[in-house]
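Here is a short briefing on how parts of one protein chain sit against each other. Keep the structure open as you read.

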Amino acid sequence: MTEALDQHVRDAMLPDPHALDAGATAQKAGESLMRPEVRAVLVVDGGKLIGVITRKTLVREVVAPGRDPRTTLLREIAEPPNATIDSATPLGEAFAFLEEQDFERVPVVEDGKLVGVLSRSVVQRRLAEDEPPESGGDGNGLDLSD
């Protein structure tokens, strides 16, 4: 049995993801979303994942209706996440799910509590590391024989 078959989401996830408390303001979420690498802000209440805030959420829920971002709380505007995945899910199954849904990242939960984020590219690398090399050639899929 290969190592990949024994791996689970918890083995490949990025632990302790950045998240904001449900009582934080829309302004705080906006500050986080200003960083180009941040596409969404995870929102937790007592450690439990309750939603996600994106730039689109802020425009639709705060800017367009003229709400004050300094007083609008994230619990009022957070959208349910498109999906979550349990930390005990086998890695191959998790990769298939990410591929089918075309998700780059998905929040990882244990009993509803946010414990990490799973990245499709990380899972793909993990699974590729455990594949046996192709027979023949130079191991890169090139046949260099004459």
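Helix α6 passes helix α7 in a left-handed crossing. The model is predicted.

- Two packed helices are described by the angle between their axes and the distance between the axes.
- Helix α6 covers residues 91-101, and helix α7 covers residues 120-129.
- Their axes come within 10 Å and cross at roughly 135°.

**The contact**
- On the α6 side, the contact is made by Leu91, Gly92, Phe95, Leu98 and Glu99.
- On the α7 side, Arg120, Val123, Gln124, Arg126 and Leu127 take part.
- These contact residues divide into five nonpolar, two polar and three charged.

**The aromatic pair**
- A pair of aromatic rings is described by the distance of the centres and the angle of the planes.
- The count comes to one aromatic pair.
- Phe97 and Phe103 form this pair, with 6.0 Å centre to centre.
- Their planes are 65° apart, and the pair is edge-to-face, because angles over 60 degrees count that way.
- Phe97 has 23% relative accessibility, so Phe97 counts as partly exposed.
- Phe103 has a relative accessible area of 17%, so Phe103 is buried.

**Leu91**
- Leu91 belongs to helix α6.
- Leu91 has 0% relative accessibility and therefore counts as buried.
- Leu91 and Val9 are 82 residues apart along the chain, yet their C-alpha atoms are separated by 5.3 Å.

Definitions and conventions. Residues are numbered from 1 along each chain as its sequence is written. This is a predicted model: local features need pLDDT of at least 70, side-chain atom pairs count only at pLDDT 80 or more; totals for chains, interfaces and linings use all residues. Side-chain values use heavy atoms; hydrogens and water are left out. Axes are lines fitted to C-alpha atoms, for helices over the stretch in contact, and angles run from 0 to 180 degrees between N-to-C directions. Helices (H or I, at least four residues) and strands (E, at least two) are DSSP runs, numbered from the N terminus. A crossing is left-handed if the near helix is turned anticlockwise from the far one by less than a right angle, and right-handed if clockwise. Contact means heavy atoms within 4.5 Å. Ala, Val, Leu, Ile, Met, Phe, Trp, Tyr, Cys and Pro count as nonpolar, Asp, Glu, Lys and Arg as charged, and the others, Gly among them, as polar. Rings of Phe, Tyr and Trp (its six-membered ring) pair if their centres lie within 6.5 Å; planes under 30 degrees apart count as stacked, over 60 as edge-to-face and the rest as tilted. Buried means under 20% relative accessible area, exposed over 50%, partly exposed in between (1.4 Å probe, protein chains only).
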